Amino acid sequence: MPTPESKVKAAVVKLLKKHGVYYFFPATHGFGRSGVPDIVCCFDGRFLAFECKSGNKQPTALQQKEIDKIFEAGGSAYVINEDNVQDIEELIILKRRNEGAINNILAKHKELSDKMAEFRKWRAKQKEDDDRC
């Protein structure tokens, strides 16, 4: 018989599959790492993780430590239960909607970085020429 937490995991997986998100359940025994979230995902090049709980249960101290490490590394991690599982779909839709704006910002950043690299090369050449004189 499915546990309440396994029902949450199944609902998460259903949404991830619906939106074509790559996911897996990490093995935490043997060489695995204890406390990692239940489901690890890569969505549009972003690291996402979901710790599934039933009812009002909260992550253990070790699980919260791993969630904090994910955020510190630039990823995202969420505690999901029966009440907020649908938030995953909203999260996916919002991230996809914002992807165009993010790509524009990144393209402008790359363009600026390329121009700065060209300027540094030009300046280095000017300095070499000045040093020869």
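Predicted model: local features only at pLDDT ≥ 70, side-chain atom pairs only at ≥ 80, totals over all residues.
User: Where does Glu82 lie?
Analyst: Residues are numbered from 1 along each chain as its sequence is written, and side-chain values use heavy atoms, with hydrogens and water left out. Helices (H or I, at least four residues) and strands (E, at least two) are DSSP runs, numbered from the N terminus. With those names in hand, Glu82 lies in the loop between β4 (76–80) and α3.

User: Is Glu82 buried or exposed, or partly exposed?
Analyst: The scale calls a residue buried under 20% relative accessible area, exposed over 50% and partly exposed in between, with a 1.4 Å probe and protein chains only. Glu82 has 39% relative accessibility, so Glu82 counts as partly exposed.

User: Why does Ser54 count as buried?
Analyst: Leaving out residues up to four places away in sequence, Ser54 touches Pro4, Glu5 and Glu82. Ser54 counts as buried because its relative accessible area is 9%.

User: What relative accessible area does Asn56 have?
Analyst: Asn56 is found in the loop between β3 and α2. From Asn56 to Asp83 it is 27 residues in sequence and 9.3 Å in space, C-alpha to C-alpha. Asn56 counts as exposed because its relative accessible area is 71%.

User: By how many Å are the C-alpha atoms of Glu111 and Ser6 separated?
Analyst: Ser6 sits in helix α1 and is partly exposed at 29% relative accessibility; the C-alpha atoms of Ser6 and Cys52, 46 residues apart along the chain, are separated by 8.2 Å. Glu111 sits in helix α3 and is partly exposed as well, at 44%. Glu111 and Ser6 are 105 residues apart along the chain, and their C-alpha atoms are separated by 47 Å.

User: What is the volume of the largest pocket?
Analyst: On a 1 Å grid over the protein atoms alone, a cavity is a set of points where a 1.4 Å probe fits but cannot get out, and a pocket is an open set with protein on both sides within 12 Å along at least five of seven lines; lining residues have an atom within 4 Å of a point. Grid points are joined across faces, edges and corners, and the volume is the space filled by probe spheres set on the points. For the largest pocket, that volume is about 160 Å³.

User: How do the residues lining the largest pocket divide?
Analyst: Among the lining residues are Phe24, Arg33, Glu66 and Gly75, and α2 gives the largest share, three residues. Ala, Val, Leu, Ile, Met, Phe, Trp, Tyr, Cys and Pro count as nonpolar, Asp, Glu, Lys and Arg as charged, and the others, Gly among them, as polar. The lining divides into seven nonpolar, two polar and three charged.

User: Which residues is Glu66 in contact with, leaving aside neighbours within four places in sequence?
Analyst: Glu66 belongs to helix α2 and is buried, with a relative accessible area of 7%. Its contacts are Arg33, Ser34, Gly35 and Val36.

User: Which element has the lowest mean pLDDT?
Analyst: Over the protein chain the mean pLDDT is 87, and 90% of residues reach 70 or more. Strand β1 (residues 22–24) has the highest mean among the elements, 97, while the lowest, 76, belongs to α3.

Key. Contact = heavy atoms within 4.5 Å. pLDDT = per-residue confidence, 0-100.
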